[in-house]
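Subject: Structure handover

Hello,

Please find the structure below. My notes on what was found in it follow.

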Amino acid sequence: MRTHAADLPTVAARSPVPIRLVVATAALNMAVKSVGVGADGQMALPADPTDIGWYRFGPGPADRAGSVVLGGHLDSREFGVGPLSRLRKVRPGDLIEITMTDRSVAGYRVTTVKNIPKQKLAVDDLFDREGSRRLRIVTCGGPYDADAGGYRDNLVVTAVASS
Amino acid sequence: MSFRRITALTAAGLLLAGLPVGVAATAQAAPTADATVSVLHAVPGATVDVYANGKALLTNFKPGTLTDPLKLPAGSYDLKVTAAGAGAKGKAVIQADDVTVPGGANVTVVAHLDAAGKPVLTPYVNDVSKLAAGKARLTVRHDAAAPAVDVRAGGKPAFKSLTNPKEAKADLPAGTISADVVLAGTSTVAIGPADVNLKEGTNTIVYAWGSAAGKNLKLAVQTISGLHHNPSGIPGGTGGQAAQLDNGSPALGLFALLAVFGLAVVGTTVVRARVRS
């Protein structure tokens, strides 16, 4: 049976954190903010739709496995329409680049662009901490119905690590 | 002999050797999941060997070390700790018979000092229930030859009057806390402070061990990961402006339509806009 010292974990050098998202084909160049969980149990998103959030409890681009999740508001009553309104222009094969705090850049190639009704969003797959290295960029999609809680769908772009 | 080989022998040996008949019969009737068992050595100063039902489970086991989790069949085990190299018939430093290992449970068996300083074995069942997204679990266990203590987080008592060998736990927002251990009801620091990283989706188990009289009180840490829940979803925009742009009928467009097509057409447009916006 293998054993190891049960010492307090030393504060290891922190893994690099994503700070910028660039998707040239959709003219997206956004600041990435580390986010967690909102009071309602959903992923917390930056209030300003010009920023996009990275789910900091899940995998990051530097991790060897799992799904990196970026999510942002499409628009906001306060700030108006954001750049993610252009996310639906992204096509399979497009390059996505994420710059990290250590200035390294992680590259991904888009595989699918899908509108998924919010109730059918498979969160366990979306936030998967294992499996191949992939990226999900999520915003809102479909029609907007203020009486039914806003946008009906999530627009989900899936990409696989290419570097 | 390597640890790995001993483990393989032991897992097989445990089943054949020492299981009480009743337990074995029950296991046959309704097979239960294996238990996940880790062992922590928290008796200062003594390198030991550990035997389970007469077979070597661990050799040359040093204080302050923890084994990787081992899958063991559920059942009842006779555990014996001897000085390293004393052999299966060697004098027991600690002996605990009929230690129950429940099927499917995640258990840590701790060799430690009781409040009076006598070496004992305490099996703890670890809480591996799922955590809400963004949360971490902190478990603290008093396994030291020391009086009752309070465990403080950020200088405030988080767990009060914990006595050997009791445990306390709480689910907290993930993050780093500064923890210390004080004599119960006082601000006399016995251990720490130390930064403890409560990683999201984990149960971080902190053991206070050693001896106050021996002036070697310490903390040991065990982390069990994979207990996370995912966020329930991703919220949407709050404005609806992007959808209006998609419709091609923002306010100005509406006025244009009004001018060109007249009221009847505008009426239907407004209805459509309400449904879509």
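Which residue in β11(A) is the bridge partner of R136(A)? The bridge partner is T158(A).

Some ground rules before the rest. The model is predicted, so to speak of local features a pLDDT of at least 70 is needed, side-chain atom pairs count only at pLDDT 80 or more, and totals for chains, interfaces and linings use all residues. Residues are numbered from 1 along each chain as its sequence is written, while chains are lettered from A and ligands numbered from 1 in the order in which they are written.

The barrel in chain A

Helices (H or I, at least four residues) and strands (E, at least two) are DSSP runs, numbered from the N terminus. Two strands pair if DSSP finds at least two bridges between them. In chain A, eight strands form a closed barrel with mixed pairing, in the order β2-β3-β4-β5-β10-β11-β9-β8. On average, neighbouring strands of this sheet are turned by 35 degrees against each other, direction ignored. Here axes are lines fitted to C-alpha atoms, for helices over the stretch in contact, and angles run from 0 to 180 degrees between N-to-C directions.

Strand β11(A) covers residues 150-161 and pairs with β9(A), residues 105-117, in the antiparallel sense over nine bridges. Strand β10(A), residues 134-145, is also antiparallel to β11(A), and ten bridges join them. β10(A) and β11(A) make a hairpin with four residues between them, and G149(A) in the turn has a positive phi of about 90 degrees. Elsewhere in chain A, β4(A) (residues 51-55) and β5(A) (residues 67-71) pair in the antiparallel sense over two bridges. There, W54(A) stands opposite L70(A) in β5(A).

Chain B

Chain B contains five helices and 17 strands. Of its 277 residues, 37% count as buried (20 or more other C-beta atoms within 10 Å of a residue's own; exposed is 12 or fewer, partly exposed in between, with C-beta atoms placed from the backbone). Two residues are in contact if their C-beta atoms, placed from the backbone, lie within 7 Å. Among contacts in chain B with a separation of 6 or more, 64% involve residues 24 or more positions apart.

Where the chains touch

Chain A gives 40 residues to the contact and chain B gives 44 residues. On the side of chain A, β10(A) gives the most, with four residues. That side divides into 22 nonpolar, twelve polar and six charged residues. Ala, Val, Leu, Ile, Met, Phe, Trp, Tyr, Cys and Pro count as nonpolar, Asp, Glu, Lys and Arg as charged, and the others, Gly among them, as polar. Strand β1(A) pairs with β4(B), residues 65-67, in the antiparallel sense over three bridges. In that pairing, A5(A) has T65(B) as its bridge partner.

Backbone details

Chain B has a cis peptide bond between N164(B) and P165(B), with omega about 5 degrees. P165(B) is in the loop between β12 and β13 of chain B. Another cis peptide bond joins G192(B) and P193(B), also with omega about 5 degrees; P193(B) lies in strand β15(B).

R103(A) is not a glycine, yet its phi is positive, near 75 degrees. R103(A) sits in the loop between β8 and β9 of chain A, and counts as exposed because it has 8 C-beta neighbours inside 10 Å.

Regards
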